[in-house]
Amino acid sequence: MGKKSGDDVLAGTGPELDFSRQLSERGVSRRDFMKFCSAMSAALALPATFAPKIAQALDEVKRPTLVWLEFQGCTGDTEALLRASSPTVAEIVLDILSIDYAETIMAAAGNLAEENLSKVVKNEKGKYIAVVEGSIPLKDDGIYCCIGGRTAVDIAREVCGGSFATIAVGTCASYGGIPAAAPNPTGAVSVKEAVPGATVLNIPGCPLNSDNLTAAIVHFLLFKKLPAVDSFGRPLFAFGKRIHDNCERRGHFDAGQYVEKWGDEAHRKGHCLYKMGCKGPETFHNCPSQRYNEKTSWPVASGHGCAGCSQPMFWDTLTPLYRRLPNVPGFGIESTADKIGLGLAVGTAAVFAGHGVVSALRGEDKKEGKKREDMTHDKDRR
Amino acid sequence: MTKIVVDPITRIEGHLRIEAEISNGKIVDAWSSSTMFRGIEKILKTRDPRDAWYFTQRFCGVCTTVHSIASIRAVENALGIKVPPNAELIRNIIMGIQNVQDHVIHFYHLHALDWVDITSALKADPAKTAALAASLSDWPLNSTTYFKGVQDKLKAFVSKGRLGPFANGYWGHSAMKLPAEANLMATAHYLEALEWQKDVIRIHAILGSKNPHPQTFLVGGMAIPIDLDSQNALNADKLAEITGLLKKAKDFVEKVYIPDLLAVASFYKDWAAIGGGVGNYMSYGEFPDPVSGKQLFPPGIILGKDLSKVHPVDQKKIAEYVDRSWYEYSGGQGKGLHPYEGETEAKYSGPKPPYKNLDTDRKYSWVKAPRYEERPMEVGPLAKLLVAFASGHKETKDAVTLVLKHLNVGPEALFSTLGRTGARGIDCLITAQQLPTWLMQLEDNIAKGDIRIHAQDKWDPSTWPAEASGYGWHEAPRGALGHWIKIKDKQILNYQAVVPSTWNASPRDHKGQRGPYEEALIGTPVADPNRPVEILRTIHSFDPCLACAVHLLDSTGNELVRVTVK
């Protein structure tokens, strides 16, 4: 099975693959599935020829287990997942992942639910993926979030600590988010800070774009490792470029055409929202290309500025929402968050460094991230 | 006497714990506790009031529009801003589709597994299932092939031996009463609703960029411009797409949700006598007419299940108590504080984790106890419908009467677990049927040349008074929601939200009166204390939303240290 060429898979001439069969049992045609894999390749910024490889990688994995923990969250990331934009197939991919614990959707409650979680932790140590939504309060011994009589930090240390990898979904789990906004009443921190020993991939956003989560999981299945990240622990495939540089309204910024009032002619004609407080110039996220709800829209396209929700501590550093950013340079498309972001968003970097996460990133990922970043530069220079 | 604990209560938003005492197979006492706290209202202090909607939206990602609405209404109330009719209509559409989508998700994905046995669906006869479904509605998917397909998928899933989120469910429980065919029909619609919900909520993305957390609300209006000649505004193309999605929403509610609800309810009529609760109901009313401001669903209060009288709602009569909640009042215990004057400091006094039981004789929750004239009030679709029904609202009267007749029960059946679940369906139906009207009104306005979406005046804080205060109400999918704001020197001085699940999930108060969840659990039968699915039925009938319910207002006046970009 592993020796089959990509063309065979695409042409559908080879013997049925396990995964493809599972899909067809769920009413999904191979064509739909390949379409999904192509979409995933695009999300991961991979060449289209990777699509058959993704199909193959998914096929070879026997429903790895995923547990979804929610702590100081609002369930917005869970809801985002329910709106995944390659929905039928995404649902099935997740189904194929065997979601053994997810409070919002699981049938069992109380002890019966906790039993499901402890089974995974005990029987699949080091093999399962943990997803965390929401921040983790550390103040006063963590009593601001308890589940089943245990603190969030206690649960996170056990579950994330024993996972193959942990994916922090949304800005709260990634960086502390709104609970950690000043004055951070509960001592809320990110997953990485609460469980320093865990391997954590951050997929921020408020909520995250579920396509980025699906893409990260596929990346993990395909390459057997987490994707390269920037210094904020975010995958470069989704957070490698600045919104401002990919914004559909960038031409209006460069031409000096700005919205001045809500509903004015410039607003109606889709001019730049910079003067209305748009934080696109300081925000790294693939919203302009990936969009939301089956690629229907994203904030700027619907007339409201970007809030900077994928930036660490944006609640403090990029508010007020409607205050225009100072000193936005006209160019800088060649830069990633690590270069321009740190220089621009001084407040962000300072707060983030203060949380001690930068140093906690894994060495290997850093190296990988560096390589990818260099490649991006080469391409841009050409 | 056995004391049991259900923690976590799953298939809800947030973190909820129920402790209950059982005697002779029935619950004789119960305690509702929220075990998570963030303190967002404390975080709001000193910030720009125009930002509050974006912060409070994060109270909850499930009812993802409701706090934005209540927040902008509160600020508009404080500053005396009247928004243009188009903005009111766009808000009505956004609120309406939220209500419809949220209720359907609740029924199928959060509540159904309390009543529906998925494993029993494996034994169903697809032809009989199709016949059953066809007898209920003319939904095009009511065919043998379709149900056979769903059953085959289900069999394949189960045969893999890993049930994922369905593991350890209440399968084969003695309280499960549906015949196999009804179970298969409901399971098929569980999957179908999963597809439907992400389609219809695209209306939020069209009008407001994304869902969850649409980014489009503005104090004074909405951020989506209107221009028929622009690609970057609400134009005919987008209006047509919304029209199609509203039809899809209405069709599913009329032909799938309501028939399923009635079919399931007819097998669980004993639950029309269980889960009554406190018997006081409050609704703030909703869906203002864009010109007159008159609400489609009227506001009001019903006391002691007496439908002969509807009392007016007066916000001054609301107060919150913390005698049994993990907070401290400077003026001591036993006194309730109005949201404007609210004063709260978090002070945990519960057991040190890990713990087995809370000290339910003392303080035991992060939820405060809001009371109306010292009475606990139930809020939610049932309260909304009872108020509308008793006020003589025609659409509500007709729908309620029809449902009661169909199930062959009297109005007293409404005061129950089943009544709550049924009311949610009726609310969903009326809203789904009303939604196209708001879109047509919007189109009429545009046709007349009105493209205003924002009030413009008072956007600039320099036009504001030195001090202002106001409140904003919204009848959210889970019930009466209120935000109160005090503004001083263009900053938030105080912010307080009293939300539906605060009312419903409230612990006991200064008088020892139970909150609505707690009261509703009294008398609920529990056949097997190790698998207390009956507790889930009554609790889920309220559609809990706990992240919303817990909040904190800081009145200590501490200077906040904030890092800002210059």
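Biologist: How many helices and strands does chain A have?

Modeller: In this predicted model, chain A has 20 helices and 9 strands. Of its 382 residues, 62% count as buried, and among contacts in chain A between residues at least 6 apart in sequence, 74% join residues at least 24 apart.

Biologist: How should I read the sheet, and in what order do the strands of chain A stand?

Modeller: In chain A an open sheet of 5 strands has the order β2-β1-β3-β7-β9, and the pairing is parallel. Strands β2 (99-102) and β9 (200-203) of chain A stand at the edges with a single partner strand each, so one side of each lacks a neighbour in the sheet. Ignoring direction, neighbouring strands of this sheet are turned by 15 degrees against each other on average.

Biologist: Which residue of β9(A) is the bridge partner of A:Ile167?

Modeller: The partner of A:Ile167 is A:Leu201 in β9(A). Strand β7 (residues 165-169) of chain A runs parallel to β9(A), and 4 bridges join the two.

Biologist: Which strands does helix α7 of chain A lie across?

Modeller: Helix α7 (residues 110-123) of chain A lies across β1 (66-70) and β2 of chain A, and it runs at about 130 degrees to β2(A).

Biologist: Let us turn to chain B; why do the buried residues of a helix line one face?

Modeller: The general idea is that an α-helix has 3.6 residues a turn, so residues three or four places apart point the same way. In α7(B), the residues B:Phe147, B:Val150, B:Gln151 and B:Leu154 are buried. Seen down the axis of α7(B), the buried residues fall within an arc of 95 degrees, so they line one face of the helix. The face of α7(B) turned away from that buried side carries the exposed residues B:Thr145, B:Lys155 and B:Ser159.

Biologist: What covers the buried residues of α7(B), and how far does the helix reach?

Modeller: The cover of those buried residues includes α5 (118-121), α6 (126-136) and α8 of chain B. Helix α7(B) has 16 residues and reaches 22 Å from its first C-alpha to its last, close to the 22 Å expected at 1.5 Å a residue. Just after α7(B), B:Gly161 takes a positive phi of about 80 degrees.

Biologist: Which residues of α6(B) are buried?

Modeller: They are B:Pro126, B:Thr129, B:Ala130, B:Leu132 and B:Ala133. Seen down the axis of α6(B), these buried residues fall within an arc of 160 degrees, so here too they line one face of the helix. The buried residues of α6(B) pack against α7 and α8 of chain B.

Biologist: Are the residues of strand β10 of chain B buried or exposed?

Modeller: For a strand, each face is considered in turn. In β10 (residues 318-321) of chain B both faces are covered, with B:Ile318 and B:Glu320 buried on one side and B:Ala319 and B:Tyr321 buried on the other. Strand β10(B) runs antiparallel to β13 (residues 369-372) of chain B, and 4 bridges join them; the bridge partner of B:Ala319 in β13(B) is B:Arg371.

Biologist: How many residues does each chain give to the contact?

Modeller: The contact takes 89 residues from chain B and 84 residues from chain A. Several elements of chain B each supply at least two residues of the side that touches chain A, among them β1 (2-6), α7 (144-159) and α8 (180-200). By class, that side of chain B has 42 nonpolar, 25 polar and 22 charged residues.

Biologist: Which residues other than glycine have a positive phi?

Modeller: Among them is B:Lys305, with phi near 60 degrees, in the loop between β9 (300-302) and β10 of chain B. With 16 C-beta neighbours inside 10 Å, B:Lys305 counts as partly exposed. Another is B:Asn408, with phi near 55 degrees, in the loop between α12 (394-407) and α13 (417-447) of chain B. B:Asn408 is exposed, with 9 other C-beta atoms within 10 Å.

Key. Residues are numbered from 1 along each chain as its sequence is written. Chains are lettered from A and ligands numbered from 1 in the order in which they are written. This is a predicted model: local features need pLDDT of at least 70, side-chain atom pairs count only at pLDDT 80 or more; totals for chains, interfaces and linings use all residues. A residue is buried if 20 or more other C-beta atoms lie within 10 Å of its own, exposed if 12 or fewer, and partly exposed in between; C-beta atoms are placed from the backbone. Two strands pair if DSSP finds at least two bridges between them. Two residues are in contact if their C-beta atoms, placed from the backbone, lie within 7 Å. Ala, Val, Leu, Ile, Met, Phe, Trp, Tyr, Cys and Pro count as nonpolar, Asp, Glu, Lys and Arg as charged, and the others, Gly among them, as polar. Axes are lines fitted to C-alpha atoms, for helices over the stretch in contact, and angles run from 0 to 180 degrees between N-to-C directions. The expected span of a helix is 1.5 Å times one less than its number of residues. The arc is that of the directions from the helix axis to the C-beta atoms.
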